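Please read the following briefing alongside the sequence and the coordinates.

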Amino acid sequence: MKALFFLRHYNDIDHITPVIYKWIDSGHSCDVVMIGSSQFQNDYRIEFLRKLKGVRVAHIRELLPLLEFIRWRLQTLLLIGGLRRSFIGPFVSNLAQIYDVKKRKYTWENTAERLLNHSFEGINKGVVVFDWIERNSVISIEWVETVISMAHKRGFRAVSLPHGDSPHANQLIRRREWTLKPDNTFAAARMFDKLVVPNELCAGRFRPFLENKAVSVLGSPRYCDEWLTELAKFLPISPLSLSASKLKIAIFLRKSNFTTFWEEVSEVVQMISAFKDIEIIIKPHTRSGWKQSLTKKTALLKLPNVSIADNDTHSAHLLNWADVIIDIATSVAFEAVKINKPVLAADYLHAGRSTVANFMPETELRCRDDVYEKIERFLTNGCDSFYIEEHRALFLEEMIDVNGPDVLPKYVALLEEQI
């Protein structure tokens with residue numbers, strides 16, 4: 001069986017690569033077309049996929065004639081939210097009205113036809129796979145709809161796979177989110193025949209916009225046992241050296257559009273750094289770390305036991321290096337829970353209720369005193385026996401190993417059913 005996977009950025013590469021691996025392991029073939037930044041062509045997971053027999057990997061600019069790619073890219077820039085929210089937003093909106101949907105249709109259809117022919121020439125059965133395409137995605141929904149429409153004309157189905165998880169247990173978490181009602185950002189999922197989520201918490205985002213039969217809850221491909229075992233085999237050598245520090249702490253930052261109380265984050269880092277025998281590494285968000293003022297704060301950069309992780313230091317490296325993880329509501333913490341490393345859910349540092357703290361109240365930091373007491377305890381008693389095991393088991397059952405630990409075969413079975 002043949003599948004065409006479209007990948008955009010760090011997160012969907014991270015969460016969909018396990019599904020592609022298992023698809024190939026099950027005897028099928030696929031094409032992987034990268035439609036985001038070309039910088040990810042050398043990503044270690046993409047390199048892993050290139051080595052699998054039955055996988056062809058290419059960036060979209062390699063598959064389109066130059067002028068066609070330029071038109072596709074310019075039309076994409078006209079429609080995505082980033083430019084419309086910038087200072088040239090009014091100009092971009094006016095230009096999109098002039099170069100309207102009828103004029104854009106030609107390029108959308110040409111590029112879609114070319115990509116579908118590239119993958120399915122001589123094949124009359126297949127499935128097209130995207131990640132969770134939302135209204136604020138950096139790829140035009142209009143183009144994705146065209147790809148799906150033309151795939152449907154060939155008798156193919158379209159599936160949307162997870163590009164992350166739900167680190168927040170509540171809904172109102174971003175700036176200017178003031179109304180508790182279904183978030184129209186997720187309404188774009190209606191264009192897919194099947195939308196897959198790792199757990200019911202994620203499903204809640206999409207259910208207001210889709211029929212129940214269109215949503216499948218299959219567990220986490222990224223944090224399941226099979227993939228963590230496979231990932232360890234090809235993870236690049238860590239750039240982090242062994243440390244003599246008694247307690248090593250990794251702090252993972254959330255995307256900049258989520259409401260975070262940066263002043264108190266800075267206070268906490270400085271307070272922890274004042275303990276003896278402690279080392280701290282801060283990991284900016286993979287896509288918007290440059291927007292986070294914390295990583296440029298002079299007071300922190302001068303601290304000898306605090307450093308900022310660079311792009312070559314992957315989250316898995318930090319999880320292996322750290323004794324304790326301080327989490328500001330990121331799904332990276334799920335892997336730490338899975339491998340039984342302590343997570344401190346710093347809920348008072350952001351405007352949300354973290355999923356980790358919701359399942360495991362023993363992880364929650366509610367004030368600066370909690371931070372101090374937890375760090376003091378780790379230094380005195382070590383990091384063992386941190387979780388209440390019943391709480392951790394429930395978290396793993398409901399968030400990662402939904403309906404059993406064999407997660408990846410369920411994803412393959414769903415794609416096979418679509419074909």
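In what follows, a residue is called buried under 20% relative accessible area, exposed over 50%, and partly exposed in between, with a 1.4 Å probe and protein chains only. This is a predicted model, in which local features need pLDDT of at least 70 and side-chain atom pairs count only at pLDDT 80 or more, while totals for chains, interfaces and linings use all residues. Residues are numbered from 1 along each chain as its sequence is written, and side-chain values use heavy atoms, with hydrogens and water left out.

**Seven-stranded sheet**

- Seven strands form an open sheet with parallel pairing, in the order S3-S2-S1-S4-S5-S6-S7, where strands are DSSP runs of E with at least two residues, helices are runs of H or I with at least four, and both are numbered from the N terminus.
- Strand S3 (55-59) and strand S7 (215-217) are at the edges with a single partner strand each, so one side of each has no neighbour in the sheet; two strands pair if DSSP finds at least two bridges between them.
- Neighbouring strands here are turned by 20° against each other on average, direction ignored.
- Strand S2 (residues 29-34) pairs with S3 in the parallel sense over five bridges, and Val32 stands opposite Val57 in S3.
- Helix H8 (residues 141-153) lies across strand S1 (2-7), strand S4 (127-131) and strand S5 (157-161), running at about 165° to S4; axes are lines fitted to C-alpha atoms, for helices over the stretch in contact, and angles run from 0 to 180 degrees between N-to-C directions, with contact meaning heavy atoms within 4.5 Å.

**Five-stranded sheet**

- A further open sheet has five strands in the order S10-S9-S8-S11-S12, again with parallel pairing.
- Its edge strands, S10 (306-308) and S12 (343-345), each pair on one side only, and the twist from one strand to the next averages 20°.
- Strand S9 (residues 278-283) runs parallel to S10 and is joined to S10 by three bridges, with Ile280 opposite Val306 in S10.
- Helix H11 (residues 262-273) lies across strand S8 (247-252), S9, S10 and strand S11 (324-327), at about 155° to S9.
- Helix H16 (residues 368-381) also packs on the sheet, touching S8, S9, S11 and S12, and its direction makes about 145° with that of S8.

**Salt bridges**

- The structure holds 28 salt bridges, each defined as a side-chain nitrogen of Lys or Arg within 4 Å of a carboxyl oxygen of Asp or Glu.
- Arg222 forms a salt bridge with Asp14, their closest N and O atoms being 3.0 Å apart; the pair links the loop between S7 and helix H10 (225-234), which holds Arg222, to helix H1 (residues 10-25), which holds Asp14, 208 residues apart.
- Both Arg222 and Asp14 are buried.
- Asp43 and Arg45 form a salt bridge with closest N and O atoms 2.6 Å apart; Asp43 is buried at a relative accessible area of 8%, and Arg45 counts as buried at 1%.
- Asp14, Asp43, Arg45, Arg222 and Glu335 are linked in a network of salt bridges.
- Arg368 forms a salt bridge with Glu267, the closest N and O atoms being 4.0 Å apart, and this pair links helix H16 to helix H11 across 101 residues.
- Arg368 counts as partly exposed because its relative accessibility is 35%, and Glu267 counts as partly exposed at 34%.

**Nonpolar surface patch**

- Leu66, Leu67, Ile70 and Leu74 form a nonpolar patch on the surface, with about 420 Å² of accessible area together.
- Patches are made of residues with over 30% relative accessible area and no salt bridge, joining like charges within 9 Å and nonpolar side chains (Val, Leu, Ile, Met, Phe, Trp, Tyr) within 5 Å; accessible areas come from the Shrake-Rupley method with a 1.4 Å probe, and for residues only the protein chains shown count as cover.
- Leu67 lies in helix H4 (residues 66-79) and counts as exposed because its relative accessibility is 61%.
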